[in-house]
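Please read it beside the structure shown here.

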Amino acid sequence: MKVKPVNHAKAAEEFLEDAPHLTFHDERLWDMRQKRDQQMHLLPEWQDLRTRASEIKEHTLANLPEYLEQFEANAKKNGIHVHWAADGAEHNRIVGEILEKHGAKSLIKSKSMVTEECDMRAYLEPRGVTVTETDLGERIQQLDDQLPSHIVVPAVHKLVPDVAKIFAKNYHTDPNDNDPQSLAEAQRMAARPVILTADAGMTGGNFLVAETGTFVVCTNEGNADLSSTVPNLHIATLGIERLVPRMADLGVFVRLLSRSALGSPITQYTTHFRGPQKGGEMHIVLVDNGRSTRLGMEEFWTSLKCIRCGACMNTCPVYRRSGGLSYGAVYSGPIGAIIDPTFNERKYSTLPFASTMNGSCTNVCPVKINIHEQLYKWRRVLAEHHELPFVKREIMHMAGKLMGQPKLYRTAINGTEVALSTMPRFVLYNWLNPWGKHRELPHPVKQTFHSWYKQNRLKKDKAQ
Amino acid sequence: MKIGLFIPCYIDAFYPNAGIATLELLEKLGQDVEYPMDQTCCGQPMANSGCNSDAAAAEALFVRNFAKYDAIVMPSGSCTHHVRDNFDAIPQTEDVKHVRKNTYELVEFLHDILKVDAFPWAEFPHKVGLHNSCGTLRALRTASMSELGEPFFSKPMDLLSKVKGITFATPKRPDECCGFGGTFSVTEEAISARMGLDKVRDHHNAGAEYIVSADTSCMMHQQGCAERNGVPIRFIHIAEILNGARA
């Protein structure tokens, strides 16, 4: 089957038509950006922290095999079962087998972008495993059968009445109950019994520490702690790039993470998992799923430094006005636009163009990923791989030719009719018409600068 | 110092006054300026679209036109950014290196090279909102960036502050991109236009009568958004104010 590129522009246009959602989304995320700025101003060492974090990640990625092996050896010493998954399918099979071995039919889990990447729920549910998300936003998205629209706040594109409707359908609450407190309570009442009777718990994770063989999960709701400790079986899924060498390195990242994400100094819970609880079992699945290929991409490997804070999304003026779902991918926003094409070049070929390359994302990134420069580089790669729409490609080709020929160019500029005859009409109209849909065209002028100069400077010079 | 003046295609065709003001201003400041008649484009539209090889002819022509000058000055942040930081569709000969190294955006040229300390002819008795294009802000760094928390500085504001009668409006999101983005304005027209509308409203609500910028491309887009939505605000290139335009 031929893969169709995601139509971000169309999805964005639909998002823009709904004023209340658009305004809330833009302002809520802008507020997170401002709170992040306030935290930055409170720490004089902010830029040094970013530099340090970037250096630690680059060092780790440059020595990834050694550190991964160190992690595995130490984790095993701690009594943790370590599994390696080359891709999403292998990850799902491993998790399925662990659950099957324990006869586990009910799995509670905290937020994990990697399980979204692997589409794990779709694999487990037909095999008789009920998966329940325990993060509030993630649960809302699960009940609504949507991907998370943001890495940190997965249901940020929804308003309270949207949640009320979803809960009414699933929890039989009042569809007109627009009190966030009471809705949260409904979720709590629905989730608690599931948590207490679950056969297995699953978490994602923010950091793997090589020297200790431990891992860290940062959350605000405490749901990861419940998911990991109530059942005796805990499975944690993490990407192989989540590694830091030493415990001492963690401080740099913990200080940056929540400040960048939500503008709070630290998450409510920063839990260090050191091994299985008494009488329990702990498994870690280390997932590659394209990461080692990305590590080999000279222009794009530093995207693996990402700590999934979402700061680039919060600051992105395009993301704030189009919503995460418009990217049609697990990872949305600026970071999504540079990593999604590594999963499927054709499908996500449009995403590096869903940006003005304004560079704000790069400036807020706590690990200094040059996001907007990678967007620029992706455009080149996609053009070279023939992943640009035909009309755009043709326009650029013709424009490029025209710009190299001053006389032809001058003729084109001086007379609209001539301009139209140098470019096929269908190209010009199909492609440039959108300018005028929500905007006026520039006003016509009597004289170009070129002809003014000729008249007012060159002729004068001759006269002198 | 012999200066070569580059006037970007959209200024040439739609906003000649910004180009004329740039030339006259440099002349008033005693500079020896020439405008090579065979110039077209710096190659940016093709390169930003990923079609780098299609930028080669424009880049080669640009070098042929400008290699003989000591400095190349242009009233455009994004074109300067392209020439300085991305101009690599052609082999990097000595001429190419010379051109890339000596290309300046007008504001940085006035501020950093000529170090102009007065515009005695300039008076602009209006409240203006300054729009820094993303090219001037985050690539050329002519002003401090809010994301980095660095001490405040602004080269365009330094220059404008020397103009008699001018006052400044303070928009809420001064660093937010206005959504032009080159071909983005066409391929993602809905978002682009919405960003432009939000931008002009932000300036208008802050009390700005004019939006002033070193980048005409941003203003061409913003003006289109303002006019379509009836936001009463006017647009003027920084060169026009510094050259003595009164309105």
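1. Domain bounds are taken from an automatic or database domain assignment. For chain B this assignment gives domain 1 (2-113) and domain 2 (127-242). The model is predicted: local features need pLDDT of at least 70, side-chain atom pairs count only at pLDDT 80 or more, and totals for chains, interfaces and linings use all residues. Residues are numbered from 1 along each chain as its sequence is written, with chains lettered from A and ligands numbered from 1 in the order in which they are written.

2. Between domain 1 of chain B and domain 2 of chain B, the C-alpha centres are 22 Å apart. Domain 1 of chain B contributes 25 residues to the contact and domain 2 of chain B 22 residues; residues are in contact if their C-beta atoms, placed from the backbone, lie within 7 Å.

3. Strand E7 (residues 210-213) of chain B has B:Tyr210 and B:Val212 pointing one way and B:Ile211 and B:Ser213 the other, and all are buried, that is, 20 or more other C-beta atoms lie within 10 Å of their own, C-beta atoms being placed from the backbone. Strands (E, at least two residues) and helices (H or I, at least four) are DSSP runs, numbered from the N terminus.

4. E7(B) pairs in the parallel sense with strand E5 (residues 127-131) of chain B over 4 bridges; pairing requires at least two DSSP bridges. B:Tyr210 in E7(B) has B:Val128 opposite. Strand E8 (residues 234-237) of chain B also runs parallel to E7(B), joined by 4 bridges, and B:His237 in E8(B) stands opposite B:Ser213.

Terms used: A residue is buried if 20 or more other C-beta atoms lie within 10 Å of its own, exposed if 12 or fewer, and partly exposed in between; C-beta atoms are placed from the backbone. Two residues are in contact if their C-beta atoms, placed from the backbone, lie within 7 Å.
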